Number of protein chains: 2
Amino acid sequence: MYRTHTCGELRIQNKSNKVILAGWIQRIRELGAVTFIDLRDRYGITQLVVDEKSTDEVKKITAELGREFVIQAEGEVKERTAKNSKINTGDIEIAVDKITVLNKSEIPPFTIEDNSDGGDDLRMKYRYLDLRRNPLKYALTLRHRMAQEVRKYLDSQNFLEIETPCLIKSTPEGARDFVVPSRVNAGEFYALPQSPQTFKQILMVAGYDRYFQIVRCFRDEDLRADRQPEFTQIDCEMSFVEQKDILSMFEGLAKHLFKNVLNVELDKVPQMPYADAMKYYGSDKPDIRFDMKINEITDLAKNNGFSIFDNSEYVGAICAKGCGAYTRKQTDELTDWVKRPQTGASGLIYIKLGEDGIKSSIDKFFTPEQLQKIADRTEAQHGDLILILCGTKKKTQGQLGTLRLEMGNRLGLRNENKFAPLWIVDFPLFEWDDETQRFYAMHHPFTSPKPEDVDKFYSSKNEDIANVNANAYDFVVNGVELGGGSIRIFDRKLQQRMFEILGFTSEAAESQFGFLLNAFKYGAPPHGGIAFGFDRFCAMFGGSDSIRDYIAFPKNNSGRDVMIDSPSPIDDSQLDELSIKIDIKKQS
Amino acid sequence: MYRTHTCGELRIQNKSNKVILAGWIQRIRELGAVTFIDLRDRYGITQLVVDEKSTDEVKKITAELGREFVIQAEGEVKERTAKNSKINTGDIEIAVDKITVLNKSEIPPFTIEDNSDGGDDLRMKYRYLDLRRNPLKYALTLRHRMAQEVRKYLDSQNFLEIETPCLIKSTPEGARDFVVPSRVNAGEFYALPQSPQTFKQILMVAGYDRYFQIVRCFRDEDLRADRQPEFTQIDCEMSFVEQKDILSMFEGLAKHLFKNVLNVELDKVPQMPYADAMKYYGSDKPDIRFDMKINEITDLAKNNGFSIFDNSEYVGAICAKGCGAYTRKQTDELTDWVKRPQTGASGLIYIKLGEDGIKSSIDKFFTPEQLQKIADRTEAQHGDLILILCGTKKKTQGQLGTLRLEMGNRLGLRNENKFAPLWIVDFPLFEWDDETQRFYAMHHPFTSPKPEDVDKFYSSKNEDIANVNANAYDFVVNGVELGGGSIRIFDRKLQQRMFEILGFTSEAAESQFGFLLNAFKYGAPPHGGIAFGFDRFCAMFGGSDSIRDYIAFPKNNSGRDVMIDSPSPIDDSQLDELSIKIDIKKQS
């Protein structure tokens with residue numbers, strides 16, 4: 001037997017027990033003739049003591065121990081004279097009778113502490129050491145808990161967890177697929193799923209009614225910070241439901257998770273139309289932990305001789321409460337901030353409601369009365385600062401949204417222990433892309449138009465199609481989109497029209513999605529669903545912006561696993577068997 | 001609202017309730033002016049009635065309904081005059097007030113009945129229809145239940161479910177990998193995992209102590225019946241454990257599953273050394289639901305002038321109880337059976353203990369006393385039949401094992417409602433392959449030798465190495481291997497020696513498993529684990545030999561998903577981006 005207890009388990013009640021512990025050496029302190037060893041495992045830290053009463057054998061072995069050695073220690077539980085209230089085992093220590101080195105350790109390349117001195121690259125290469133650190137242990141344990149609670153809730157609601165295949169078929173629509181050459185079917189390829197979308201719809205056609213899966217998905221995209229080529233979704237689908245049924249079911253899931261994982265009671269989750277989100281928050285994933293809504297002031301701003309406003313399609317303002325005393329230096333710095341390429345505004349106008357009355361950078365063009373009207377519109381009061389951007393409508397709303405979040409950060413309004421979830425609803429079905437001169441599905445090609453918009457859906461006019469709204473919804477918490485879904489098309493004709501709008505020839509639609517169109521011939525029920533980004537859901541619960549610490553073995557920004565050094569070349573014989581050949585084109 | 005109840009829910013207590021149901025039409029029967037419709041969903045079947053009291057609208061729609069139409073029906077729950085005790089809702093029916101066709105259906109290519117008239121190919125192409133059948137619904141529901149119970153048990157035992165990556169690194173050892181070309185790292189490939197073996201060991205080095213995952217694995221093998229290119233494992237690993245700890249923990253899992261899924265109480269699971277399994281059952285996965293052990297009779301058989309025995313290394317016998325009256329025709333047929341290439345014996349000798357005394361096909365060479373000695377060895381009694389095979393030892397034991405199973409089938413000794421699990425232990429660490437003249441790891445290269453065999457493990461003599469036993473174990477139920485595992489090597493030097501025996505150069509070991517060897521430098525704890533074949537575990541629980549019905553979307557024997565028609569060619573632009581080219585060699 002390697003151990004009788006874990007390192008997080010012993011209490012004062014265990015006093016005088018003979019115990020065996022096993023774990024890693026976190027720290028060794030020598031105080032004269034006494035050596036204290038902090039022994040660590042997944043469950044905690046227990047202090048071992050070797051002193052003048054210890055045997056020579058124990059003293060000899062102890063003298064040769066080092067950080068991260070794996071040892072087994074036998075001894076008696078004693079009450080500590082100096083208790084440590086910071087750890088659960090702080091009342092006791094083990095007087096060691098016997099010590100065995102199970103494995104030695106070289107000196108780790110970084111310290112195994114909450115705040116490691118290892119850089120990102122080093123931490124990823126030695127992930128097994130990084131994972132020993134408390135923040136990562138907390139993250140993975142939280143993730144485990146989340147997964148169990150997701151299943152507990154959905155199982156209680158009669159959902160069936162059904163596994164869908166990983167080796168599926170490549171479809172050019174959407175993001176880029178990872179593909180897998182088939183050896184048996186030379187020249188052909190499987191693709192790894194970007195989501196089990198079509199399979200879960202097939203399960204609905206098959207009558208499975210309530211499906212879920214916590215499932216790996218794959219996207220061969222150019223990686224931005226915090227995107228992973230493989231990621232995990234909570235994927236769900238239901239039949240014989242309308243949008244409100246789905247929102248209510250998954251509001252239930254969210255409440256269950258907040259309650260059972262974080263012990264947070266969630267109120268009723270509000271719903272906000274997409275149009276309002278864009279109008280008031282400049283974003284389809286507004287952070288509503290704080291107010292500071294965007295106000296359109298185009299009508300008040302234009303025709304006052306200020307050409308920058310006059311030449312703008314849209315002028316909008318936010319009110320930063322209590323910032324009326326901002327100095328010139330501070331507003332200049334904010335101006336520089338909005339001009340960064342990430343925000344992309346061409347300039348910033350401000351109105352201060354400070355000590356010396358209403359002041360602004362456009363005093364030349366606006367009377368105090370006119371400025372006051374703007375202040376009234378934004379509900380600004382004495383002591384506040386109004387920030388104004390202008391330009392084309394959509395772009396400026398987005399910039400105001402970004403500025404709003406920044407001001408929220410600066411004013412400490414984005415408390416990571418506060419959770420403000422909401423549903424965004426009534427999305428447009430399509431986005432028009434100027435570059436390729438075609439419509440793209442805002443969610444995906446299986447999302448149904450609102451019943452009242454079906455006529456427009458069949459219209460030959462682009463402006464009609466652009467105005468079709470979707471039975472689609474996103475779940476947003478604290479400005480982060482955690483999930484999204486839709487009521488699906490379940491009518492073959494409607495689905496064919498969808499493919500047509502998206503520019504599929506009927507041959508292409510047939511070859512890629514023929515099985516689904518075919519399935520729709522045999523009694524497809526009305527259905528809809530949702531998928532949550534599980535990595536991000538976990539990171540949100542852990543209070544982190546980054547998903548990387550919530551994935552046991554993440555890849556770096558070049559899609560490499562630096563620990564195992566993958567991807568890597570493979571043998572020519574493997575290539576031969578797969579009937580492929582490397583063919584690296586020179587960069588032009 | 002699409003429905004107030006499911007089709008499996010209404011009882012006599014709901015009499016007079018106004019309800020709305022939705023589902024598929026299983027069957028329509030017209031009896032004069034009355035039409036009965038069996039409406040089906042995942043939960044059951046409810047009978048709808050349309051008769052002379054129904055509205056014209058309802059009658060009109062009813063007249064146009066067909067099998068597998070999806071409808072919504074509103075009406076009142078009535079007590080049936082002729083009750084149907086075969087279904088849960090058999091006491092009631094719905095007098096339909098309103099009927100809505102939600103979706104039509106073409107006539108399905110096969111019937112949606114328990115015993116479908118569709119062949120395998122048709123059923124796989126129309127998997128969404130096949131999945132509507134009760135046996136598949138039962139299989140997938142059982143699988144869901146199993147998955148939940150596996151997690152419930154392991155979570156209760158402090159295991160953490162941790163996801164390991166799907167895009168890993170190709171290693172030539174073992175079965176063939178599926179590979180994934182990397183676009184960003186041109187000319188390089190990821191591999192899909194055959195198992196998360198090295199990652200779970202890394203998690204142990206990271207201190208995670210008790211890990212599990214229900215995880216997809218991939219093997220690009222030539223498919224035999226009932227092998228799938230992607231399959232699911234219950235994958236587990238523990239630290240600070242010995243073999244007995246693991247056997248006891250997972251015996252606990254087995255008991256939990258049998259109890260909570262099948263309501264079967266399992267006794268203590270017996271352990272059998274590999275050598276005994278081969279000796280008495282001719283198999284490393286014996287079916288111990290019945291006895292009929294193999295008896296070696298080489299000593300009794302040889303040197304009696306029967307050259308076939310005399311020229312054999314080994315002679316073995318089984319006793320088929322109660323078959324002493326087998327006719328010549330029957331023993332001839334059995335002889336043909338053992339000569340089939342699948343069994344591969346060159347002939348069959350029998351001894352009958354029948355009406356007219358002891359009789360055998362070798363009466364010419366053996367006295368009745370000598371035959372009786374063989375009968376005594378096999379514990380045969382009056383009325384029994386002894387079946388004898390001879391040849392080289394290992395091969396003959398295998399053939400006797402196959403014959404034993406066949407006789408078990410013929411005698412009805414393999415009751416699918418009886419479960420006889422056991423652990424096979426003390427496996428050899430290596431298998432010698434004559435063809436390639438090298439050792440292969442019987443389990444895998446991470447399995448540790450028994451501590452007492454470590455000297456032999458370092459020996460330069462092949463016969464020593466061949467005799468090293470492993471800390472490995474298999475979990476077998478009813479002759480099917482459901483799982484296997486081992487105590488792992490956690491010492492760098494031992495691991496390097498293992499790679500050396502398996503013929504790795506140190507460069508190859510370093511490039512493929514360097515990360516693991518490296519991890520072993522930083523305090524690797526003693527650890528071990530197990531993996532269960534989840535598909536097969538489910539099929540076993542469902543009483544089926546075939547895993548295919550327990551997988552929602554299986555592939556056929558050529559690795560094709562015939563429903564979605566995958567694998568399939570991809571665009572040249574995709575190949576270009578991936579820096580690969582199709583290169584099909586002509587078959588020589």
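1. Start with β10 and β22 of chain B: β10(B) pairs with strand β22 (residues 527–533) in the antiparallel sense, over seven bridges. Strands count as paired if DSSP finds at least two bridges between them. Helices (H or I, at least four residues) and strands (E, at least two) are DSSP runs, numbered from the N terminus. Along this pairing, B:Glu237 stands opposite B:Gly529 in β22(B). Keep in mind that this is a predicted model, where local features need pLDDT of at least 70, side-chain atom pairs count only at pLDDT 80 or more, and totals for chains, interfaces and linings use all residues. As for conventions, residues are numbered from 1 along each chain as its sequence is written, chains are lettered from A and ligands numbered from 1 in the order in which they are written, and side-chain values use heavy atoms, with hydrogens and water left out.

2. β10(B) has another partner: strand β9 (residues 210–218) of chain B, antiparallel to β10(B) over nine bridges. Here B:Arg216 has B:Thr232 as its bridge partner in β10(B).

3. How many of the residues of strand β10 (residues 230–239) of chain B are buried? Ten of ten, so to speak a mostly covered strand. Buried means under 20% relative accessible area, exposed over 50%, and partly exposed in between (1.4 Å probe, protein chains only). Both faces are covered: one side has B:Glu230, B:Thr232, B:Ile234, B:Cys236 and B:Met238, the other B:Phe231, B:Gln233, B:Asp235, B:Glu237 and B:Ser239, all buried.

4. Over in chain A, eight strands make an open sheet with mixed pairing, in the order β6-β9-β10-β22-β21-β20-β17-β11. The edges are β6 (160–161) and β11 (271–273) of chain A; each has a single partner strand, so one side of each is left without a neighbour in the sheet. Further in, strand β17 (residues 421–425) of chain A runs antiparallel to strand β20 (residues 472–477) of chain A, joined by five bridges. A:Trp423 has A:Phe475 as its bridge partner in β20(A).

5. One helix pair in chain A is worth a look. The axes of α4 (residues 134–156) and α17 (residues 534–541) of chain A come within 10 Å and cross at roughly 120 degrees. Axes are lines fitted to C-alpha atoms, for helices over the stretch in contact, and angles run from 0 to 180 degrees between N-to-C directions. On the α4(A) side the contact is made by A:Tyr138, A:Leu142, A:Arg143, A:Met146 and A:Ala147, and on the α17(A) side by A:Phe534, A:Asp535, A:Phe537, A:Cys538 and A:Phe541. Contact means heavy atoms within 4.5 Å.

6. Back to chain B for an open sheet of five strands, ordered β12-β13-β16-β14-β15 with antiparallel pairing. β12 (295–296) and β15 (357–360) of chain B are at the edges with a single partner strand each, so one side of each has no neighbour in the sheet. β12(B) is joined by two bridges to the antiparallel strand β13 (residues 314–320) of chain B, and B:Glu296 stands opposite B:Gly316 in β13(B). Helix α10 (residues 328–339) of chain B packs on the sheet, touching β14 (349–354) and β16 (385–391) of chain B, with its direction at about 150 degrees to that of β14(B). Helix α12 (residues 393–410) of chain B lies across β13 and β16 of chain B and runs at about 10 degrees to β13(B).

7. Is A:His382 buried or exposed? A:His382 is exposed, with a relative accessible area of 60%. This residue lies in the loop between α11 (368–377) and β16 (385–391) of chain A. Leaving aside neighbours within four places in sequence, A:His382 is in contact with A:Leu353, A:Gly354 and A:Glu355.

8. On the domains: the assignment for chain A gives domain 1 (12–103), domain 2 (132–164 + 194–271 + 430–544) and domain 3 (290–410). Those bounds come from an automatic or database domain assignment. The C-alpha centres of domain 2 and domain 3 of chain A lie 37 Å apart.

9. Finally, the dimer. Chain A can be laid on chain B with an RMSD of 0.0 Å by a turn of 180 degrees and a shift of 0.0 Å along the axis. The two copies are thus related as by a two-fold rotation axis. The superposition is by least squares on the C-alpha atoms of residues with pLDDT of at least 70 in both. Of the interface residues of chain A, 100% are also interface residues in chain B, so the copies meet through the same surface.
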